[in-house]
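Hello! Here are some notes to read alongside the structure. Take the points one at a time and find each residue as you go.

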Amino acid sequence: MPEPRGCSNGRAGGLHRRGLDADDGGGELNKLADNIALFRGAAGMHWRSDYTESLPLGEAVAIGLLQEMSLAFNEDDAFFQFTRFNGVPIRIHDGIVETLMNP
């Protein structure tokens with residue numbers, strides 16, 4: 001199991017597992033979502049269009065949930081940041097989705 005490590009700001013509540021942070025785990029999570037959708041189609045459970053439409057829909061739902069969660073943060077400078085499936089990096093804070101030009 002991966003070793004826990006602290007957040008860069010040193011806050012005690014900022015522990016996360018190595019491999020699941022935005023820097024090195026985003027690609028792995030994208031591959032996992034892609035493989036799940038792809039192999040459901042290969043198993044004959046869904047059409048290919050189900051796969052191509054489900055990833056953007058799931059991303060939109062996740063962004064909406066993160067927007068709601070960001071409204072409940074106690075820290076003023078807390079945010080979520082990740083790269084969308086289309087390659088555009090975004091940051092979510094105070095219920096706002098902000099597109100980043102230079103991540």
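1. Leu29 has 44% relative accessibility, so it counts as partly exposed (buried is under 20% relative accessible area, exposed over 50%, partly exposed in between, with a 1.4 Å probe and protein chains only). You will find Leu29 in helix α1, residues 26–42 (helices are DSSP runs of H or I with at least four residues, numbered from the N terminus).

2. A word on the source: this is a predicted model, where local features need pLDDT of at least 70, side-chain atom pairs count only at pLDDT 80 or more, and totals for chains, interfaces and linings use all residues. Residues are numbered from 1 along each chain as its sequence is written, and side-chain values use heavy atoms, leaving out hydrogens and water.

3. Now for the charges. The structure holds one salt bridge (a side-chain nitrogen of Lys or Arg within 4 Å of a carboxyl oxygen of Asp or Glu). Arg84 forms this bridge with Glu59, and their closest N and O atoms are 3.1 Å apart. The pair links distant parts of the chain, 25 residues apart: Arg84 lies in the loop between β3 (80–83) and β4 (89–93), and Glu59 in helix α2 (residues 48–70).

4. Are the two partners buried or partly exposed? Arg84 has a relative accessible area of 27%, so it is partly exposed. Glu59 counts as buried because its relative accessibility is 11%.

5. Finally, look at Arg91: its charged end sits over the ring of Phe79, 4.1 Å from the ring centre (this requires NZ of Lys or CZ of Arg within 6 Å of the ring centre and within 35 degrees of the ring normal).

Notes: Helix = DSSP H or I, 4+ residues; strand = E, 2+ residues; numbered from the N terminus.
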